[in-house]
Amino acid sequence: MSGLVGLYPGTFDPVTNGHMDIITRAGRALDRLIIAVAVNAGKGPLFTLEERVALLEQDLEDCRDCIGAQVEVRPFDTLLMDFAVQCEAKVIIRGLRAVSDFEYEFQMAGMNARLNPEVETLFLMASESNQFISSRFVKEIGRLGGDISHFVSPRVTESLNQRFGFTPKA
């Protein structure tokens, strides 16, 4: 395998426009980007691992042309640094929305560097229009019947509405 390989890990429950923004921008800097979907049962995901992978793959179909890198979606349930070695990744991509994200991400990057100093962490700031979007807020708004269409793709909106038992308004 040649070229720079990066991993963008996350739960993606669900994938948001903010995630897609980071994927698109990271893809321009890498030769290959692996979107690593974590099992992360501790977070109690709304969607199964298979559903999260499928939603990501479907959303990627709409924007593959705007991403410079080869992109693939892969589930994982191991230590991130072990998965990075398995994938021959040299870069971990992390998105930052606000200063409050930085402390946690900074600590995680430090721990990952101790586990494998050969893998760098690259932080990308969220675009201004996506700084407030989080999967947690999207689920909360969706659960209460609010309009989430500005934060996620139409497919994800439909999937969340179905999950919460809402039918689209005619």
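Select E88 first. With a relative accessible area of 47%, E88 is partly exposed. That value lies between the 20% limit for buried and the 50% limit for exposed. E88 is in the loop between α3 (80–87) and β4. Check the backbone here: phi is positive, about 60°, although E88 is not a glycine. Keep in mind that this is a predicted model.

**The loop between β1 and α1**

Next, select F12. This residue lies in the loop between β1 (5–10) and α1. F12 also has a positive phi, near 55°, and is not a glycine. Is F12 buried or exposed? F12 counts as buried because its relative accessibility is 3%.

Stay in this loop and pick P14. The peptide bond from D13 to P14 is cis. Its omega is near 0°.

**Zoom out to the chain**

Show the whole chain as a cartoon. The chain has 6 helices and 5 strands. Starting at the N terminus, the order is β-α-β-α-β-α-β-α-β-α-α.

Along its principal axes the trace spans about 50 × 35 × 30 Å.

Of the 170 residues, 46% count as buried.

Take the contacts between residues at least 6 apart in sequence: 76% of them join residues at least 24 apart.

**Helix α2**

Select residues 49–61. This is α2, with 13 residues. From first C-alpha to last, α2 reaches 19 Å, close to the expected 18 Å.

Colour α2 by burial. Which residues of α2 are buried? They are L49, R52, V53, L55, L56, D59 and L60. These residues lie on the same side of α2, because they cover an arc of only 160° around the axis. An α-helix has 3.6 residues a turn, so residues three or four places apart point the same way.

**The nonpolar cores**

Hide the surface and look inside. The largest nonpolar core has 33 residues. Which members touch the most other members? Select I23, L33, I35, L56, L60 and I93. The elements that give two or more residues to this core are α1, β2, α2, β3, β4 (91–96) and α6. The largest share, 5 residues, comes from α2.

Centre on L33. Leave out residues up to four places away in sequence. L33 then touches G6, L7, Y8, I23, A26, G27, A69, Q70, V71, E72 and I93. Two of the names here, I23 and I93, are also on the list of core members with the most contacts to other members.

**Last stop: G145**

Finish at G145, in the loop between α5 (135–143) and α6. G145 counts as partly exposed because its relative accessibility is 41%. Draw a distance from G145 to V5. Their C-alpha atoms are separated by 39 Å, and the two residues are 140 residues apart along the chain.

Methods
Residues numbered from 1 in each chain as written. Predicted model: local features only at pLDDT ≥ 70, side-chain atom pairs only at ≥ 80, totals over all residues. Heavy atoms only, no water. Helix = DSSP H or I, 4+ residues; strand = E, 2+ residues; numbered from the N terminus. Expected span 1.5 Å × (residues − 1). Buried < 20%, exposed > 50% of the residue type's maximum accessible area, 1.4 Å probe, protein only. Arc of directions from axis to C-beta. Contact = heavy atoms within 4.5 Å. Core = buried A, V, L, I, M, F, W, Y, C linked by side-chain atoms within 4.5 Å.
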